[in-house]
Structure formats: structure tokens, C-alpha cells
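Me: I would like to go through this structure with you step by step, beginning with the ligand and its surroundings and ending with some details of the backbone.

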Amino acid sequence: ELNKMNIAIVGTGYVGLVTGTCFAETGVDVTCVDVNADKIANLQKGIIPIYEPGLEDMVLRNVKAGRLHFTTSLESCLDNVDIVFSAVGTPPDEDGSADLRYVLEVARTIGANMKKYTLVVTKSTVPVGTARKVKAAIREELEKRGESIDFDVASNPEFLKEGNAIDDFMSPDRVVVGVESERAKKLMTKLYKPFMLVNFRVIFMDIPSAEMTKYAANSMLATRISFMNDIANLCELVGADVNMVRDGIGSDSRIGRKFLYPGCGYGGSCFPKDVKALIKTAEQNGYSMQVLKAVEDVNENQKGILFEKLVKVFNGDLKGKTVALWGLAFKPGTDDMREAPALVLIEKLKQSGCNVRAYDPAAMDESRRRIGESVYYAHDMYDAALDADALILVTEWKEFRLPTWGVIKKAMKQPVVLDGRNIYDGDELQEMGFVYHCIGR
Ligand code: UDX
């Protein structure tokens, strides 16, 4: 209790960097480790590799206070730390299961270099049973050295949302920790104590349950979205309005209002990957996750829905049409384009001979990196609409919510608006002479 807590976080991606910075904010001494030397050099200079509201300020403040350090060498910080968090990537294998290469590499490095008791916590989303493999890897390395240093493993899945990561981390709904020793439980309790001033709980459980909780949570959320997209598509066919239906069912406290928004499909680094991985885990255990398979199918289909609507509007004749896209990131508040619905749409538009004029408040560089110069990158949302035959809202950034429609209508060749997130007033647009289509109404 007398000593300052010392921790290391391996992997300075989204989760790692936010986790490290937020722990530093509570007074803990944090070393963030990454194999990417450029990334670390940049972080040391205060250059942040991702766009996340509030993160840059918090990094700079904690670096200045001497509590937040960056290094490429995990070995060199092992002497001092009580806890090592592993927040490295677990990209999907070709078959959909999570690739544990990096997670186990970190475990081996720890086993090969640790000098004193260390708690090794997995924060990356990993399949049930991974902690067991991490433990075995560390033990194996220790045996090679002929050492019998005590250590523990734990699982502490992260539930933060991109774009709201700092708030989510600093005041979480709950913290889930899987442990198998009192010593590990004590350390984790101490580390999370500063957060307990706010109204939330640390839920301790066994390790497999903690590992499972993350997948179950993300799969449930993805299920809600696919379910609502299914309902929305049926609403269109029977003449119902999904907005009304959402309001109607969301008022039932057992259902709740959140995460019931239909759209053009879920994307991002978590939902698609985690749903796939859980289906795979089930298969490996001789079980079939039937609901989740349908969740995936519905989402694939939904990513194509805006294109289908466009085809209908122009009676299949898309060649040479100019299409304006508002929003490229998989959701507002981020520059992340992983599994973004916009990517599927752009591909289909290009294949049908359309010219694409795209604008996103944050993801323009990321888009250039991914799809190059085959689309025109507009200066702003109005420039994107210039001479367009149709305008498609893909990501509901706040700045797209209240356009000056008069200006847009003058700029466009044809006044066609497809609203992929149901954020506009269709009656108002139709009164102004726009052709307007949205999801589920
Ligand atoms: C998600 C989880 O929310 C988080 O707990 C977990 O740790 C990581 O995965 P994130 O991927 O950052 O976070 O995004 P989130 O805000 O949850 O949105 C995911 C996707 O669902 C987005 O594409 C979003 O547009 C879509 N979505 C969300 C809907 O289509 N409808 C909704 O009602 C809510």
C-alpha cells in the first residue's frame, strides 16, 4: 500500500492507449509498450495515432506529470511492474477464429524475462480458454530458465466504445474481472479503486466466465441491431414506420431504448469480429450458434440495402451517375473504417459505373489509405453534393444533421436523398421537392 502502483500495457492500439492513459490519470505509473517503433517515437513526441475525443489532452497531461511512458521494450520494464496488461490485437484468422499469435508472444516475453511476482491481465477480446494458454506459455518459459517465480493470470475485458472511449473508461457501467487467486483479486481491486467513487461495480468471477462475458455482450448488441434491421425491412413492406415501432417497444423496460436503431448495418472492429469468433468457438465445441449466424446474414444483406434502394430509384440505370456520400467511418466520432458499410457501398457504386464524391469529417485520410483516389474527396458536405444525381447519408455525424437543404438542392443535378440512418424529416424534404428514401418507413 505504501508503494506507488506500477503497470505496463502492451499494445498501444485503441484499447491499450486509452487504458494506459486513463490509469495514469488516476495516479498510477504506466508504461505503454508497442513493437511499432514509429508509433512509440511519435507518442513520445505527443503525436497520437488515432482520433479519439479527449485522448490527446490526457496523454500530454500525464506524460508531462511523469506518470505515462512509452517504450518498445517490454523486457526492460518488467523489473518494476506489478501488473502487465495485454491489449494486443487478435485479428480474425481466415476461418473466423481469433488469432492468438500476439497474445501468446507477449506471454512468452513475460515468462522469459520476469524477475518477481507479476499479474498478467488479458484485456484483448480473446476466446474462452485463452488465459489457460497464456498461463501455460509463461510457465513454459519460466521452466526453460529453471525459475519458479510466482505469477497469476486474469481476464479483464474492455467494453469501451470508439468515440466515447475516455468517458466509457473513466465511468464504466461495470468492470468485469476474472481471477483465480486472492492476490490477483486484491491487486485488481486496488487498481480500480479510484473508479469506484462513481456509481459502479467491479464484478469478480472465474476466468472463463469473464472471457465469455465480452463475447456475449457484443453478440447481444449485434443481435439487437440485426433484429431491428429485419423489422425495419418488414415495416417497409407492410407500410409500418420503424421509428414508431422502436418507440413502442423501447418503452418496455425489459427491452429498453438503447441500441434499437436500424441503419445500413453494423461495422467496426468488434461486432463483426466477435460474432464470427463466437460462432467459431461454438463450432469447435460441437455446438451451433443459430441466432448469431442469422445476425451475420442479416448484417451482410443490410450493408447492401442503400445500393438496392439506389438501383430502384434509377430503374437499374446507374452508369455515369454521380453519387454523393456523407460519412465514411463506420460510425460518428471516429476515423475508423474497419468493416464500414461505406466500403461495401463504394465498391458496388464503382462496379456499376458511378462517380463517387465522398466527405467525412474525420476519415478522409483513412479512406485514401484504403481505397486510394478512385473516389473524389470533397472539401465539405456541400462540395460532395455538387452535380450529384443522388446523395446518400451513410454515417450520422452531427454536422450532417441540419444541412441547408436549399443550397444542397441547387448544387445537385437531381434532388434524390437516401438516408441510411433515418436522421432526416422525410415530409419536409418531400415538400421541398426531394425524392427521399430511408430505412424502414
Ligand atoms: C462496440 C461495443 O459497443 C463495445 O462495448 C465493445 O467494447 C466494442 O464494440 P464500437 O465498435 O466502438 O463498440 O461501436 P458501437 O458504438 O457499439 O457501434 C457499433 C456499430 O453498430 C456501428 O456500426 C453502429 O453504427 C451500429 N449501430 C449501433 C446500429 O446500427 N444501431 C444501433 O442502434 C447502435
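Me: Which helix gives the most residues to the shell around the ligand?
Reply: This is a predicted model, and in it 19 residues surround the ligand, with Glu162, Tyr261, Tyr266, Gly268 and Cys270 as the closest. By class, that shell divides into 11 nonpolar, four polar and four charged residues. The element that gives the most, with three residues, is the one covering 207–238, namely helix H9.

Me: Is Glu162 buried or exposed?
Reply: Glu162 sits in the loop between strand S6 (151–155) and helix H7 (165–170). Beyond its neighbours within four places in sequence, Glu162 is in contact with Tyr14, Gly268, Gly333, Thr334 and Asp336. Because 25 other C-beta atoms lie within 10 Å of its own, and 20 or more is the cut-off, Glu162 counts as buried.

Me: How many other C-beta atoms lie within 10 Å in the case of Arg338?
Reply: When neighbours within four places in sequence are left aside, the contacts of Arg338 are Gly267, Gly268, Ser269 and Phe330. Arg338 is partly exposed, and the count of other C-beta atoms within 10 Å is 17.

Me: Where does Phe259 lie, given that its phi is positive?
Reply: Phi of Phe259 is near 60 degrees, a positive value in a residue other than glycine. Phe259 is partly exposed, with 14 other C-beta atoms within 10 Å. Its place is the loop between helix H10 (242–250) and helix H11 (271–284).

Me: Is Asp387 buried or exposed?
Reply: Asp387 also has phi near 60 degrees, and it lies in the loop between helix H16 (381–385) and strand S12 (390–393). Since 12 other C-beta atoms lie within 10 Å, and 12 or fewer is the cut-off, Asp387 is exposed.

Note on methods:
Residues numbered from 1 in each chain as written. Predicted model: local features only at pLDDT ≥ 70, side-chain atom pairs only at ≥ 80, totals over all residues. Near = placed C-beta within 6 Å. Helix = DSSP H or I, 4+ residues; strand = E, 2+ residues; numbered from the N terminus. Nonpolar A, V, L, I, M, F, W, Y, C, P; charged D, E, K, R; others polar. Contact = placed C-beta atoms within 7 Å.
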